[in-house]
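User: Hi! I'd like to go through this structure with you, one topic at a time. Could you start me off with the strands?

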Amino acid sequence: MKYKNILMLWPSKSEYWGREIAKKNLIHIDATYIRQGLVGNILRKTAIRCGTGFSLFFEKWKDQIYTYDLIIVQANKITKDIPKWIRNRGYKGRLVYWYWDPVSGCVSPDRIDRRCCELWSFDKVDCEKYNMKFRETFFVTNEIEIKKQRNSTEYKHDILFVGRDKGRADKLDRIQKELEYNKLTTYFYVVATKPYYISAGRMKKQLDYQEVLTMLQGSRSILEINQKDQSGLSMRTMESIFFSKKLITDNAAIMQSEIYRPENIYVLGQDKRNIRDFMNVKYIEYSQDFLNRYLFETWITSFAEE
């Protein structure tokens with residue numbers, strides 16, 4: 001790779017994606033902020049909101065930035081000022097601000113100083129709207145998990161949804177009733193957008209992704225209901241192609257993607273087929289060469305070789 005020393009800042013090193021990326025030994029991954037208790041979180045949020053003093057809460061990476069050729073910062077509301085902070089510390093290397101979520105649920109690119117960093121996104125529509133560079137999302141594989149998922153034959157339900165509410169609860173309820181009307185079994189695990197929201201009491205607790213994978217093993221297909229204005233390929237789509245699960249989605253843009261195969265993907269509001277007929281059609285496997293294009297290894301190498 002052109003860049004030998006790469007740092008990727010992640011919300012947490014202990015959650016699934018951070019752990020799995022670290023196992024690849026391709027880059028250094030670190031949590032953006034030190035893990036805090038209630039009081040520490042309040043102080044950190046106040047510092048971020050005021051735009052000063054937030055660096056006191058950074059993890060150890062803040063003292064090592066000069067050792068990296070490339071730094072990738074995951075875009076969200078609590079990292080919006082980090083690229084500028086890194087530049088103000090004298091960092092001369094390449095700096096990428098990466099949108100793994102749609103702008104509508106993240107921080108506006110208009111609030112990021114483009115003189116400090118490159119802006120990239122997984123969503124083509126957001127890239128066109130905000131003049132960002134486009135790169136497909138990635139998937140972090142675990143070969144043991146892939147074999148387990150693909151060999152699974154004991155299904156507890158036809159369709160699984162796991163995700164945060166994010167204003168989708170009513171829509172999910174309508175879809176679930178429609179699916180069950182078509183005599184398909186479902187399991188919807190809806191988590192509150194924030195644990196302190198009023199709606200949290202009637203929703204499920206947050207899961208580690210490994211727990212989500214256990215649920216997924218017992219399902220024939222995955223339901224994907226995207227966030228507002230999202231057209232980019234989500235993790236649900238990645239799960240479907242890597243784990244050989246059928247996908248039911250409201251993302252009409254996927255029909256223009258190379259991933260789209262009518263045997264594997266049903267688009268809500270667009271597909272005229274009976275959904276039970278779709279579920280009974282044999283799944284068509286994707287080739288390993290095709291899947292390799294969406295691997296984290298491919299994604300990070302494409303950045304590093306530019």
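**The sheet and its surroundings**

Analyst: Happy to! In this predicted model, five strands make up an open sheet, ordered E8-E7-E9-E10-E11, with parallel pairing.

User: Nice. Which strands stand at the edges?

Analyst: Those are strand E8 (186–191) and strand E11 (265–267). Each has a single partner strand, so one side of each is left without a neighbour in the sheet.

User: And by how many degrees are neighbouring strands turned against each other on average?

Analyst: By 20 degrees on average, with direction ignored.

User: Let's zoom in on a pair. How many bridges join E7 to E9?

Analyst: Three bridges link strand E7 (residues 157–164) with strand E9 (residues 219–224), and the two run parallel. In one of the pairings, His157 has Ser219 of E9 as its bridge partner.

User: What about helix H7, which strands does that touch?

Analyst: Helix H7 (residues 209–217) packs on the sheet and touches E7, E8 and E9. The direction of H7 makes about 160 degrees with that of E7.

User: And where does H6 lie?

Analyst: Helix H6 (residues 169–181) lies across E7, E8 and E9. Relative to E8, H6 runs at about 170 degrees.

User: Changing topic: where is Phe243 found?

Analyst: Phe243 sits in the loop between helix H8 (235–242) and strand E10 (246–249).

User: Buried or exposed?

Analyst: Phe243 counts as buried, because its relative accessibility is 3% and the cut-off for buried is under 20%.

User: What is Phe243 in contact with, leaving aside neighbours within four places in sequence?

Analyst: The contacts of Phe243 are then Phe139, Glu145, Ile146, Gln149, Arg150, Leu213 and Leu216.

User: How far is Phe243 from Glu180?

Analyst: Their C-alpha atoms are separated by 24 Å, and the two residues are 63 residues apart along the chain.

User: Last topic, cysteines. How many disulfides are there?

Analyst: The count comes to zero, going by a cut-off of 2.5 Å between cysteine sulfur atoms. For Cys106, the nearest cysteine sulfur belongs to Cys117 and is 12 Å away.

User: Are Cys106 and Cys127 buried or exposed?

Analyst: Cys127 is buried, with a relative accessible area of 6%. Cys106 also counts as buried, at 9% relative accessibility.

Key: Residues are numbered from 1 along each chain as its sequence is written. This is a predicted model: local features need pLDDT of at least 70, side-chain atom pairs count only at pLDDT 80 or more; totals for chains, interfaces and linings use all residues. Side-chain values use heavy atoms; hydrogens and water are left out. Two strands pair if DSSP finds at least two bridges between them. Helices (H or I, at least four residues) and strands (E, at least two) are DSSP runs, numbered from the N terminus. Axes are lines fitted to C-alpha atoms, for helices over the stretch in contact, and angles run from 0 to 180 degrees between N-to-C directions. Contact means heavy atoms within 4.5 Å. Buried means under 20% relative accessible area, exposed over 50%, partly exposed in between (1.4 Å probe, protein chains only).
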